[in-house]
Amino acid sequence: MGGQTPAESGPEAEFTVDQLAAKVGMTVRNVRAYAGRGLIPPPRLAGRTGYYGADHVARLTLVRELLDKGYTLAAVERMMSELPDGALALGVFETLVSPWTPTEPEVITEQQLADRAGIPHNAETIAKLVELGIAERQDDGRLRIPNPDLLRTGLEVIKLGVPLEAIFEMLPKLFSHADAVAKVYVELFRGTVWREFADAGLPADGWPEIQRTLENIIPLAGQALVAAFREAMGREIEVVAYEELGLAPDSLPSTG
């Protein structure tokens with residue numbers, strides 16, 4: 001049959017279902033199943049062969065990303081039904097998750113963790129780190145550290161002489177406050193920029209602006225939080241110094 005052959009590179013690249021599955025890291029069976037559920041639009045047909053393009057790649061990549069993050073297939077279906085074309089949807093999704101993604105997870109042994117902390121290996125300590133989500137046990141007995149930056153900070157605090165038990169008691173409070181601050185910023189965006197966009201019917205030409213807003217608001221939120229925390233920390237140090245040393249706050253060097 002003298003039909004067209006798919007282009008495999010460039011902006012107009014097209015793929016057969018086998019090529020599409022390989023490109024997005026899925027089985028052909030899964031691609032067909034997701035297509036049957038309406039998660040991707042129908043392919044371009046040439047004779048009896050279907051050809052898929054960049055939008056199909058983007059949408060299936062987004063499906064895989066969402067499923068990998070623990071969303072149910074039903075939840076993914078709901079989200080995908082309300083999103084614009086795949087490329088825009090994937091761009092917005094990556095903007096949402098990428099800036100908050102910590103450094104690459106690290107895998108170490110329990111003894112390596114103890115050595116870094118400068119403390120003897122203790123099974124109860126490891127169990128507590130797993131309970132707090134700082135570490136995850138792997139089948140081979142090693143530990144996966146989802147956020148090495150968080151662990152590194154904790155180890156530095158231990159080296160300053162703060163007891164491990166005190167850190168374990170503090171961490172849930174820290175996580176709770178971090179969640180509360182995150183909700184403040186998310187609700188700010190949701191109640192203003194997003195609400196206006198949603199009320200307009202999620203117009204396709206408005207998604208790029210939503211993405212640009214997200215790209216800018218996330219680092220600004222972090223900067224504002226650090227600035228506010230620095231000021232609050234200075235005030236708390238002055239209060240504690242007064243309470244513990246009997247010094248008047250105005251007798252201390254300025255922390256501003």
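Reader: At what angle do the axes of helix H1 and helix H3 cross?

Author: This is a predicted model, where local features need pLDDT of at least 70, side-chain atom pairs count only at pLDDT 80 or more, and totals for chains, interfaces and linings use all residues. Residues are numbered from 1 along each chain as its sequence is written, and side-chain values use heavy atoms, with hydrogens and water left out. The axes of H1 (residues 17-24) and H3 (residues 54-68) cross at roughly 45° and come within 10 Å.

Reader: Why are H1 and H3 called oblique to each other?

Author: Angles under 35 degrees count as roughly parallel, over 145 as roughly antiparallel, 65 to 115 as roughly perpendicular and the rest as oblique. The H1 and H3 axes cross at roughly 45°, so the two helices are oblique to each other.

Reader: What makes H7 and H9 roughly parallel?

Author: Helix H7 (residues 123-132) and helix H9 (residues 164-199) pack at about 5°, with axes 11 Å apart. H7 and H9 are therefore roughly parallel to each other. Their contact (heavy atoms within 4.5 Å) includes Leu 129 of H7 and Phe 168 of H9.

Reader: Why does Glu 14 count as buried?

Author: Buried means under 20% relative accessible area, exposed over 50%, and partly exposed in between (1.4 Å probe, protein chains only). Glu 14 has 17% relative accessibility, so Glu 14 counts as buried. Glu 14 lies in the segment before H1, and its side chain makes a polar contact with the side chain of Arg 44 at 2.7 Å.

Reader: Thanks, what is a polar contact?

Author: A polar contact is a pair of N or O atoms within 3.5 Å; within protein, one must be able to donate a hydrogen and the other to accept it, and residues adjacent in sequence count only if both atoms are side-chain atoms.

Conventions
Axes are lines fitted to C-alpha atoms, for helices over the stretch in contact, and angles run from 0 to 180 degrees between N-to-C directions. Helices (H or I, at least four residues) and strands (E, at least two) are DSSP runs, numbered from the N terminus.
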